[in-house]
Amino acid sequence: MSSTGQGKGWDVLDSQDRARFEQLVLPHLDAAFNLSRWLLRSRSDAEDVAQEAMLRAFRFFRGFNGGDARAWLLQIVRNTCYTWLEKNRQVELMTEFDEDLHQQSSATPETLAIAGDNRERLARALETLPVRFREVIILRELEGCSYKEIASITSVPIGTVMSALARARQRLQRALAQPAQQEASHEL
Amino acid sequence: MSCDFCGTLLHAYFDGELDAVRAAEFERHLESCRECTATLGAAESMRSTLQRAQLYETAPTELRKKIRGELKVSTASTSASPVAAWRWLAAAAAILLVTGVAWFAVPHFRATSPESVTAAEVIDAHIRSLQPGHLTDVASTDQHTVKPWFDGKLDFVPPVHDFMDEGFPLLGGRLDVLGERNVAALVYGRRKHFINVFVWPTKEADTPIHPPGSRQGYQWVHWRHEGMEFCAVSDVSAEDLHELAQLFVQ
């Protein structure tokens, strides 16, 4: 039994593999958890899925060729999250690219500044984004990944990352502007 | 959006993903494009908003501990748990089953064993154990945990020893059925492999470690020692099995 990479082959690993895994991959558990949490919009589901992904990563560790461990792990995390969503919340994966349903004006820096003081509201706005937009925001803005890393994690060309990110930012601005405007009108 | 640059190129610039030439080109454009200036400002504002909000959520300490624990038990040479072990074994078992291994014309132990346990039964039991959740009922590297676990579950007391120092770490035990009788199955690790040692009582005299049998990539050895009958089966080499058997009779 030998592993040729993710998705094929299984390895039974020894304690040396484990030591290497704990040194190279396990330090990225926060990244794994953070991505899961935002893709699944739930801390408790994220705990389960991050754990599953981490153990899956371990099983496929021989398939890891020693490159960017974080990107390698996050790719597995992302796939595990999508599998989970497919199984548990298929609807979320289906409402992907309807971004032009509500064409609104972009938020101004001012409305964003107001929204930014409220973590809750920002989190909610982020969670309203379709998962494919949400993930690029998380990877770029929270995780600080390069386009190349995002491309490898999400298995799409760099050009697609670029346009997804552009649209994701636009949508997030819109999502943030909306409640801010509504609240402003309530106050009047 | 009327300005072509406001689309994706602006974001690539904002993220520092443009090469120097194109970045300079974009900066020249920026001087005269209000739309781009506004979009860039919004992107910057968004970034600082996101950062200020501290949205990054770190993993709970408990989770880290749990994963470390799971990694430990899923590492063959140290120990195994039913949960972790079945996950990798699931695929192995699936492959074995899917290849449609046919177990026919199997030599019997009958010649030496009145209990009529056939090699086919032993190998079947071994393969069955590799299916999800079947490897161990009690997962522990501690013989003092595994041995008492059998108390009251069998009408005999199987000898349970950890041979970690000899390269055969005890991974756990379970109940199994061979030749219509309940047997103890002790699970050992050998490098990347698993070994089942089936144990049941016998009234026959001791027999030496029987020359290994082999079928479809599985090896087994059989012996009787101090009122117990043993059969060890695995995909490890016959030499490895013999070595383990010797540890039992020492």
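Modeller: Helices (H or I, at least four residues) and strands (E, at least two) are DSSP runs, numbered from the N terminus. Two strands pair if DSSP finds at least two bridges between them. This is a predicted model, in which local features need pLDDT of at least 70 and side-chain atom pairs count only at pLDDT 80 or more, while totals for chains, interfaces and linings use all residues. Residues are numbered from 1 along each chain as its sequence is written, and chains are lettered from A and ligands numbered from 1 in the order in which they are written.

Biologist: What is the order of the strands in the open sheet of chain B?

Modeller: The 7 strands of this open sheet follow the order S1-S2-S3-S4-S7-S6-S5, with antiparallel pairing. At the edges are S1 (138–139) and S5 (213–215) of chain B, each of which pairs on one side only. S5(B) is joined to S6(B) (residues 218–225) by 3 bridges, and the two run antiparallel. Arg215(B) has Tyr218(B) of S6(B) as its bridge partner.

Biologist: How many bridges join S2(B) to S3(B), and which residue takes a positive phi in their hairpin?

Modeller: S2(B) and S3(B) run antiparallel and are joined by 8 bridges; Leu170(B) stands opposite Tyr188(B) of S3(B). Their hairpin has 2 residues between the strands, and Gly179(B) takes a positive phi near 50 degrees there. S3(B) also pairs with S4(B) in the antiparallel sense, over 7 bridges, with Arg190(B) opposite His193(B) of S4(B). The hairpin of S3(B) and S4(B) has 2 residues between the strands as well, and in this one Arg191(B) has a positive phi near 50 degrees.

Biologist: Why is S3(B) described as largely enclosed by the rest of the structure?

Modeller: A residue is buried if 20 or more other C-beta atoms lie within 10 Å of its own, exposed if 12 or fewer, and partly exposed in between, with C-beta atoms placed from the backbone. In S3(B), 8 of the 10 residues are buried, so this strand is largely enclosed by the rest of the structure.

Biologist: How many helices and strands are there in chain A?

Modeller: Chain A has 10 helices and 0 strands. Of its 188 residues, 44% count as buried.

Biologist: How should I read the angle at which H2(A) and H8(A) cross?

Modeller: Axes are lines fitted to C-alpha atoms, for helices over the stretch in contact, and angles run from 0 to 180 degrees between N-to-C directions. Angles under 35 degrees count as roughly parallel, over 145 as roughly antiparallel, 65 to 115 as roughly perpendicular and the rest as oblique. The axes of H2 (residues 29–40) and H8 of chain A come within 9 Å and cross at roughly 150 degrees. H2(A) is therefore roughly antiparallel to H8(A).

Biologist: Which residues make the contact?

Modeller: Two residues are in contact if their C-beta atoms, placed from the backbone, lie within 7 Å. H2(A) contributes Asn34(A), Leu35(A), Trp38(A) and Leu39(A), and H8(A) contributes Val131(A), Arg134(A), Glu135(A), Ile138(A) and Leu142(A).

Biologist: What is the relation of H8(A) to H9(A)?

Modeller: The axes of H8 (residues 131–142) and H9 (residues 147–154) of chain A come within 10 Å and cross at roughly 140 degrees. These helices are therefore oblique to each other. Glu135(A), Val136(A), Leu139(A) and Arg140(A) of H8(A) meet Ile150(A), Ile153(A) and Thr154(A) of H9(A).
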